[in-house]
Amino acid sequence: MMNFRLVQPKRLVDINRIEGLGGIERTDGGIRIGALVRHAEAAEDALLAADFPVVAEAMAHVGHVAIRNRGTVAGSLCHADPSAEWPLLVALLNGEIEILGRNGPRIASPDDFFVAPLVTGLEDGEMVTALHLRPLNGRVGMAFEEVSLRAGDFALAAAGALVRVDCGRLAEVRLALGGVSDIPVRAEAVEKALAGGPATTDTIEAGLSLSANGLEPSDSPHASAGYRLSLVPVLARRVLVRAMEGALR
Ligand SMILES: Cc1cc2nc3c(=O)[nH]c(=O)nc-3n(C[C@H](O)[C@H](O)[C@H](O)COP(=O)(O)OP(=O)(O)OC[C@H]3O[C@@H](n4cnc5c(N)ncnc54)[C@H](O)[C@@H]3O)c2cc1C
């Protein structure tokens, strides 16, 4: 934002040496990812690889090696670019954003946190201290895909899916979309239509027509709104089928 002269702060605070903001650790309910964890660290983490392999898959699309070595999880969440990978992952995985302010700690859901492009629900005097992810039990598969003009560019459109299969049926389906709305969104119409159906590609294909419901992407120099919309069912099919196959494996 400083590079684009969107903000010109009078003071910059380096949070790199504040204790307690780093590290990825198991907690009672899941995994805590410290605010200062870099994209590259998350991509290589064994805990995340075991429970959330979709994180490493998505991180491969974040910029380039130098960006992944420096950019942080919380920096990406707080920047709140609707095309960025972390906001989409948080929406997909029902992440809980740990915030600390003058009145103590609080947890924000993705719906509370992402307000508009580059705008979050953080109040003055608050900062993000961690992200919490809670794994699901059972046979779960996940997948992430995006389309960008060049490798490393921000996505024109991105999709993440999580599928839980039980007794040959789609017990739970989640589809999150990025780059096609002001904030990362869940395709609830698709999720509801598919849940409970047989775990087959035919079931998934039947729900794809609902995947662009309610989306209003904006035109940009990189892609028209119409083009972004046309990517949605294509990406949705790919991630849902791969996530289902992962759960069935
Ligand atoms: C060339 C280039 C390509 C990129 N490509 C991608 C891409 O493809 N996908 C992608 O997702 N990202 C991409 N990025 C963004 C990058 O991944 C970083 O996440 C992003 O630049 C934020 O960097 P940072 O973590 O250093 O945060 P900063 O730049 O330091 O901070 C970003 C914002 O968040 C605030 N902030 C940071 N940490 C906290 C905190 N703990 N609590 C409260 N507020 C906080 C800052 O005040 C600032 O407003 C790219 C960046 C560059 C420069």
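**View 1. M142 and its bridge partner in the predicted model.** In this predicted model, M142 is bridged to L162, a residue of strand 9. Strand 9 covers residues 157-166 and is joined to strand 8 by nine bridges, in the antiparallel sense. In general, strands of a sheet pair through backbone hydrogen bonds, and the arrangement is either parallel or antiparallel.

**View 2. The shell around the ligand.** The ligand has 19 residues around it, and those that come nearest are G63, G71, G75, C78 and A84. At least two residues of the shell come from each of helix 4 (65-70), helix 5 (73-79), helix 6 (85-92) and strand 7 (127-133). Helix 5 gives the largest share, five residues. Sorted by class, the shell consists of ten nonpolar, seven polar and two charged residues.

**View 3. Helix 6 and the residue that follows.** Helix 6, one of the elements that supply the ligand shell, is mostly covered, with eight of its eight residues buried. The buried residues are E85, W86, P87, L88, L89, V90, A91 and L92. N94 follows helix 6 and has a positive phi, near 50°. As a general point, an α-helix has 3.6 residues a turn, so residues three or four places apart point the same way.

**View 4. L133 in strand 7.** L133 belongs to strand 7, which also supplies residues to the ligand shell. Is L133 buried or exposed? L133 is buried because 22 other C-beta atoms lie within 10 Å, and the cut-off for burial is 20 or more. Leaving aside residues up to four places away in sequence, L133 touches G30, I31, F52, L93 and G95.

Definitions and conventions: Residues are numbered from 1 along each chain as its sequence is written. This is a predicted model: local features need pLDDT of at least 70, side-chain atom pairs count only at pLDDT 80 or more; totals for chains, interfaces and linings use all residues. Two strands pair if DSSP finds at least two bridges between them. Helices (H or I, at least four residues) and strands (E, at least two) are DSSP runs, numbered from the N terminus. A residue is near a molecule or strand if its C-beta atom, placed from the backbone, lies within 6 Å of it. Ala, Val, Leu, Ile, Met, Phe, Trp, Tyr, Cys and Pro count as nonpolar, Asp, Glu, Lys and Arg as charged, and the others, Gly among them, as polar. A residue is buried if 20 or more other C-beta atoms lie within 10 Å of its own, exposed if 12 or fewer, and partly exposed in between; C-beta atoms are placed from the backbone. Two residues are in contact if their C-beta atoms, placed from the backbone, lie within 7 Å.
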